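Please walk through this structure with me, beginning with the place where two chains meet and ending with a single pair of residues.

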Amino acid sequence: MQQTDEPVSLWQKIRKGDKEALFVLYDDMYFHLVRYGLSVYADSDLVKDCIGQLFLKIWDRHASLNDVENVRSYLFTFLRRTIVDHLNAKGRTASVMLDIHAEEGTEASYEEIIIARERDEEMNRDLRNALNALSPKQIELIRMKFFENLSYKEIAHLNSQSVKTSYNTIYDAIKVLRLKLKM
Amino acid sequence: MDFQPPGPEDFLCDESFLRFCGGEYADTLFWNNWVKENPEYAGVVDKALRLYDMLNAGQGNSKEQLAAMKDAIGRREKFQRMLSHDGKAKVVRIKRPWMRYAAAAAVVLLVAGGSMTYLWKKRAATGLLAYEYYTVAKSRKTIVLPDSSVIMLNENSHLSISKDFDSEHREVTITGEAFFDVKHDQEHPFIVHTSEYRIRVLGTSFNVKSYPGSHGTETGLISGKVEIVPNGDDAKDRIILRPNEKFVLERERQPSISNTHSATVAVSKGIVAKIKLDTLTRHAPETAWARRKMEISDETFEQIALKLQDWYGIRVIFASEEVKQYRYTATFNDETIFKALQYLKQSYPFNYRIEQDAIVISRS
């Protein structure tokens, strides 16, 4: 039933010039691409910029696009190349890339991403310590709240717990974090 | 009683504060004001914002990014149509449209003053400091400004609200088409910038049409008084419009003989013309796009709200479950959304409050 929304069929539609399909694909893939992009190079403004360019490029040449079997990994590879080109154009060589995951096509974990974004050495160390002080469950809930932008209601539902419990868990976790970060 | 002063976690667990972090206008207004009134918490709020940026990994809002991309594609296509019309289609580079949004988010923090230095400094480099609204094909959007002026954006349009817009500094920039209903304030003129001229307004309603690549720019005045000031101005070239007059600036493309690029130069010619009102409704055809005939027969307010939301492009939120169930029967002939709400109110009272991009309905 959901067949029409599969990335592959969206891709087919884009090749035929269906702009709406491009937007749907963008919407479906945005967060995956941001996360993958951040694991290639942990600069969110640059990554967002590159994702935009990537989709504009796809649209520009939609008529001459090839058939793609795995749209997701195609987009990941394409994004990675866009980021590298971008860095080279800016005079920063690809050697400054973080490349948390050497392997192409895998997204870094939430903790890896937020740690990599902290360029300040002391802050970076403090953040590692702070995350170590939290339970996996706490980190998971923080990720849902701040990274996935879910509501307390959604988080409670996904974790089969009450809204109050979700709220309290997140509240306590942030308090621990900011104390460890000396904020 | 032991009173604990709020820490960053108290702010970060608040849904409204998180919407502010995400750049939502209504919440931004609220939190900017709040910090102004409670300067002692500026430092804590600053820390909360810093933590938010860290935990969110600076992802931004996918909906806004998507709107920016739609806009970029729309502009690119329009540009390409223009070029291919001239018989020389080429690849056009759009200059980093993505940064607009980063910039829009920066404004949020800038307005709040020196306290929220972190995110603001980080994003200031992108330069553009304004709230941006985009509409794509077949969509429209109603925006209510802090001075309670109302702007309805037609499709494929872009509205930029200057960063320091408030009741004293009222300036916006429009590309595309919009209907303005400006709050009267003799002291503080409302200024609308277009690519060719600016419109100085003292309180009035009017329609502006200024699509890039079209044949010209048109400003039609419905009521009140506006002044058209050419860009790069010269006081003596000003034109004053009276109600039911419109100013039409035509762009004529003339081939330039200068060199091999065979570029065209735009020659502009402005005229003031009468608006021809519809003989039956007395409405100006220029604003027909912003109005709509709507039949409602014994429907709940909740159902009606969906229709209004759909047509006018503004969110309708109910603060009361009870009001949702009110039932109305009505026929609207070409009304703006506010007229429509006024009529409904008369037959079964409720209150409504307007926020930037939402109308909040509550019990009277």
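**Where chain A meets chain B**

In this predicted model, the contact between the two chains draws 43 residues from chain A and 35 residues from chain B. The size of an interface is often given as the accessible area lost when the parts come together. Here chain A and chain B bury about 3,800 Å² between them, and 60% of that area lies on carbon and sulfur atoms. On the side of chain A, the residues A:Leu56, A:Phe146 and A:Met183 supply 18% of the area that this chain buries against chain B, which is more than any other three residues supply.

Sorted by class, the residues of the side of chain A that touches chain B divide into 26 nonpolar, six polar and eleven charged.

Let us now look at one pair of helices. Two packed helices are described by the angle between their axes and the distance between the axes. The axes of helix 5 (residues 110-117) of chain A and helix 4 (residues 42-56) of chain B come within 8 Å and cross at roughly 130°. Helix 5 of chain A and helix 4 of chain B are therefore oblique to each other. In this contact, A:Tyr110, A:Ile114 and A:Arg117 of helix 5 of chain A meet B:Asp53, B:Met54 and B:Leu55 of helix 4 of chain B. By class, the contact of these two helices has four nonpolar, no polar and two charged residues.

A:Arg117 forms a salt bridge with B:Asp53, and the closest N and O atoms are 3.4 Å apart. Between chain A and chain B the count is four salt bridges, while over all chains the count comes to 16 salt bridges. A:Arg117 lies in helix 5 of chain A and B:Asp53 lies in helix 4 of chain B, so the pair joins two chains.

Definitions and conventions. Residues numbered from 1 in each chain as written. Chains lettered and ligands numbered in written order. Predicted model: local features only at pLDDT ≥ 70, side-chain atom pairs only at ≥ 80, totals over all residues. Heavy atoms only, no water. Axes fitted to C-alpha atoms, helices over the stretch in contact; angles between N-to-C directions. Helix = DSSP H or I, 4+ residues; strand = E, 2+ residues; numbered from the N terminus. Parallel < 35°, antiparallel > 145°, perpendicular 65-115°, else oblique. Contact = heavy atoms within 4.5 Å. Nonpolar A, V, L, I, M, F, W, Y, C, P; charged D, E, K, R; others polar. Buried area = accessible area lost by both parts, 1.4 Å probe. Salt bridge = Lys/Arg side-chain N within 4 Å of Asp/Glu carboxyl O.
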